[in-house]
Amino acid sequence: MTHAGMLGISEAARAGVPVLAIPIFGDQFNNAASVRDIGAGVYMDYHNITKDSIRWALKEVIGQRY
């Protein structure tokens, strides 16, 4: 789970770990969109987070890996 800053995204990519990206500001929105577009994780809108949406997103990223 990350705010989708470039360093965290780079580390996840290097480790081959899918991410749950929740951007807050700046370049994080583009980074999160890139993660989603290449299939390396899930992009979540900070303003629409619920317990159910977190559960869904975690199942999505776990399913990508295992």
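Predicted model: local features only at pLDDT ≥ 70, side-chain atom pairs only at ≥ 80, totals over all residues.
First, the overall layout. The chain has three helices and two strands, and from the N terminus on, the order of elements is α-β-α-β-α. The radius of gyration is 11 Å, close to the 11 Å that the globule rule gives for 66 residues, so the chain is as compact as a globular protein of that length. The C-alpha trace spans about 30 × 30 × 15 Å along its principal axes.

On burial, 35% of the 66 residues are buried. The accessible surface of the chain is about 4,500 Å², and carbon and sulfur atoms account for 58% of that. If we take contacts between residues at least 6 apart in sequence, 31% of them join residues at least 24 apart.

Back to helix 2, and to one residue in it. Asn31 sits in helix 2, which covers residues 28-37. Is Asn31 buried or exposed? With a relative accessibility of 9%, Asn31 counts as buried, because the cut-off for buried is under 20%. What is Asn31 in contact with, leaving aside neighbours within four places in sequence? The partners are Ala4, Gly5, Met6 and Ile9.

Take Ala4 from that list. Ala4 lies in the segment before helix 1, and helix 1 is 6-15. The relative accessible area of Ala4 is 0%, so Ala4 is buried. The backbone deserves a look as well: Ala4 is not a glycine, although its phi is positive, at about 75°. There is another positive phi to note, just after helix 2, where Gly39 has a value of about 80°.

Next, the loop between strand 1 and helix 2. Pro23 is in this loop. At 2% relative accessibility, Pro23 counts as buried. Its contacts, again leaving aside neighbours within four places in sequence, are His3, Gln28, Phe29, Ala32, Tyr43, Met44 and Tyr46. As for distance, Pro23 and Ala33 are 10 residues apart in sequence, and their C-alpha atoms are 9.4 Å apart in space.

Asp27 is in the loop between strand 1 and helix 2 too. Asp27 has 42% relative accessibility and counts as partly exposed.

For a contrasting pair, consider Leu7 and Ile54. Leu7 lies in helix 1 and is exposed, with a relative accessible area of 61%. Leu7 and Ile54 are 47 residues apart along the chain, and 23 Å separates their C-alpha atoms.

Now the charges. How many salt bridges does the structure hold? The number is two.

One of them joins the side chains of Arg36 and Asp37, at 3.1 Å from N to O. Arg36 is partly exposed, with a relative accessible area of 41%, and Asp37 is exposed, at 59%.

The other pair is Asp52 and Arg55, whose side chains meet at 3.1 Å, N to O. Why can these two residues pair up along a helix? Asp52 and Arg55 are three residues apart in helix 3 (residues 51-65), so about one helical turn separates them. In general, an α-helix has 3.6 residues a turn, so residues three or four places apart point the same way. Asp52 is exposed, with a relative accessible area of 53%, whereas Arg55 is partly exposed, at 42%.

The salt bridges are Arg36 with Asp37 and Asp52 with Arg55. That is what I have for today.

How values were computed. Residues numbered from 1 in each chain as written. Heavy atoms only, no water. Helix = DSSP H or I, 4+ residues; strand = E, 2+ residues; numbered from the N terminus. Rg over C-alpha atoms; globule rule 2.2 N^0.38 Å. Buried < 20%, exposed > 50% of the residue type's maximum accessible area, 1.4 Å probe, protein only. Contact = heavy atoms within 4.5 Å. Areas by Shrake-Rupley, 256 points an atom, 1.4 Å probe, with all protein chains shown as cover. Salt bridge = Lys/Arg side-chain N within 4 Å of Asp/Glu carboxyl O.
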